[in-house]
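Try each task yourself before reading its solution.

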Amino acid sequence: MKQNSFFLITLLWMACIQKICAQSPDPVDYVNPLVGTLSKYELSTGNTYPAIARPWGMNFWTPQTGNMGDGWIYTYTADKIKGFKQTHQPSPWNNDYGQFSLMPITGQPVFDQDARASWFSHKAEIAKPYYYSVFLADHDVTTEFSPSQRAVVFKFTFPKTDSAYIVIDAFDKGSFIQLIPEENKIIGYNTRNSGGTPENFKNYFVIEFDQPMDSHFVVKDGDMKAEGLEVTADHAGAIVGFKGLKKGQQIIARVASSFISFEQASLNLNEVREKSLEEVAREGRIQWNEVLGRIRIKDQDIDRLRTFYSCLYRSTLFPRDLSEIDAKGNRVHYSPYNGQVLPGEMFTDTGFWDTFRSLFPLLNLLYPSMNDRMQEGLVNAYKESGFLPEWASPGHRASMIGNNSASVVADAYLTGRKGYDPLVLWEAVQWGANNVHPKNTSTGRYGHEFYNEVGYIPADAGISQNAARTLEYAYNDWCIYQFGKALGRPEAETSVYAKRALNYKNLYDPSTKLMRGKNKNGSFIANFDPSAWSEEFTEGNSWHWSFCVFHDPQGLIDLMGSDEAFTGMLDTVFMVPSLEGMKSRGMIHEMREMQIMNMGQYAHGNQPIQHMPYLYNYSAAPWKTQYWVREIMDKLYSAAPDGYCGDEDNGQTSAWYVFSSMGFYPVAPGSGEYVLGSPQFDEVTLQLENGKTVVISAENQSKENVYVDQLRVNGKNYTHNFLRIADLYKGAKLNFSMSAQPNLSRGKTKEDKPYSFSDEF
């Protein structure tokens, strides 16, 4: 009888396993949060960390292998974990703010980050977007956590011990800790930031344990004391101890934070206060599947599925929602611009210099209601600071160039965003085009006086990155012009921006067919080397920036003289050896990342050139776009820890892949078009928020069959090299027929070319 019972149980167990294995994985199951973590200061393969979070969540959580204050929070090659950190970091270059950590230890109570650190292995680590687990070998403790939007549940599984402790590190640069033993609670705050914060900035946190503390210590600047219940210091911390733990006994910590107050932090803790870790993880899994499931893919290559959904995950983390829900159920936010608590939306941690290109267009396509909220947040940012942000983390940061908030605002409105006041944003983009922030030259337009007067920023005007600024401002002016037209603004308001949108022509050098810095007297700079990473450009050279005429490729073609000349210049980008320009300045990681990819002067690891392979569509050579975008996807992306070829940058490099793998890309946000490439999957289905679907099939696609032989849209032959976004919103079926040989006759006519501003004249 026992044998029969055992046999029956075994059969049932095997049947359950077979049923589970037979089920198709959910989209979130393909995500690897460790993609991009094999990075360092000298060389980026993403510069990411495992962001365990909810989509666009206010707080992310991550294991911490780096030292306190190190922008490289988690590095794949590290051997030890020093804590589990709440983070708001958008990139290592901008570093963090509003941070603190928890770390379980056994043995002696120690606070020092190196003394408490534990060896770990990726083999004993589980990283999902909604859940993380790792075994800390030196302490024989397994740590698990799962976050909500503003809170998190930790589960620490200890060995049998009388010396179990949890370290709470509020970090340096000004922090506070208070122990409340009778409530099994700790509260505290941290003021550590990397800029962009008002004087009163604090990240308030509350931690509640599920069992009493048997011992406790406060830590003031490294000095651990058993007496006292609170400490304010440069570097405050605490250690709480638990005795009599049996093997496998678990301690639960529920944690939340707020930028507003301790009271609000306690309200935010209600997100998880009555929930188990498993319940929170289940809710997180459902939410991630809903977000990632807007795109469903049929394909036999599981590695590509992992790459795709890992990229889509990265595309839905930033910008983060900085708003909180008060006791009355109202949405409020701490303003990172003026320090006040105000009603309404606020989003932050994104650099528009990066994300205007494809991240925000992806939001408009798949998550429009989320971008509606983000646009309201931009309205509030302008009201609270007098400028739209260009790089926010959490407030205005001195990072990068350009006035690309104009692109983000214009493209949103032109693709139908609503629920906010666009006239406030119309005021904001005009103000930003003609002013510069008094304390931050990255916000507004640095050098606008020269640009507006002579049509470019002179190389001898003492303004760095002058050529790059000129090119970006010209595109930004076109965006403002498009936005104004869509709003029905009078020509007297919009015409000046239409005129300035052609300012890119002022830097075109016909002798080299490239963009070149120009002096005040109208002469081009001497000793021009197009491969040199010179001060006229931003993190690049003339090869990278000469094609940054997103809104008017036809105008650039006309300057070069013909489609053939333009195509030849594009070809040359891939032909000039990658080592050219390496000695033009001190080495920066973007230079090294371009050099080692062996794709000539094409630098996909940095944003200015990422649209460039799609420009062949404008010069009647679409098959070359098809070749190069597939080459880039196949060679430069994977789901491995080194799966990127440079900075991931808040979803931009990921969104490039998401768009490109589907077969199209937004070269000029604000144009209402996507430019065609080469679809990488057998079938992709987009579930749009309006209930419509877009189905993209690629017959015969493979790593060899990268060329589009024929495209049918809704059953009809389609020869254009672009898709109208408005047509996709109605629902559509795109049927690509792929081939190993290019179709040299398809997409050749003038009517097949995508939008260019010059075509309006």
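This is a predicted model: local features need pLDDT of at least 70, side-chain atom pairs count only at pLDDT 80 or more; totals for chains, interfaces and linings use all residues.

**Exercise 1.** Work out how the radius of gyration of the chain fits with that of a compact globule.

*Solution.* Start with the length: the chain has 761 residues. For that number, a compact globule would come out near 27 Å. The chain has 27 Å, so the two agree. For the extents, the C-alpha trace spans about 80 × 70 × 50 Å along its principal axes.

**Exercise 2.** Find what share of the residues is buried, and what share of the contacts links residues 24 or more positions apart.

*Solution.* First, burial: a residue counts as buried under 20% relative accessible area, and 65% of the 761 residues do. Next, take the contacts with a separation of 6 or more: 70% of them join residues 24 or more positions apart.

**Exercise 3.** Count the helices and strands, then sort the residues of strand β19 by face and find its partner.

*Solution.* The count first: 20 helices and 38 strands. Now go to β19, residues 295–298. Side chains in a regular strand alternate between the two faces of the sheet. In β19, I295 and I297 make up the covered face, while R296 and K298 sit on the uncovered one. Last, the partner: β19 pairs with β33 (residues 683–687), antiparallel, over 4 bridges. Within β33, E683 is the bridge partner of K298.

Definitions and conventions
Residues are numbered from 1 along each chain as its sequence is written. Side-chain values use heavy atoms; hydrogens and water are left out. Buried means under 20% relative accessible area, exposed over 50%, partly exposed in between (1.4 Å probe, protein chains only). Helices (H or I, at least four residues) and strands (E, at least two) are DSSP runs, numbered from the N terminus. Two strands pair if DSSP finds at least two bridges between them. The radius of gyration is taken over C-alpha atoms; the globule rule is 2.2 Å times the number of residues to the power 0.38. Contact means heavy atoms within 4.5 Å.
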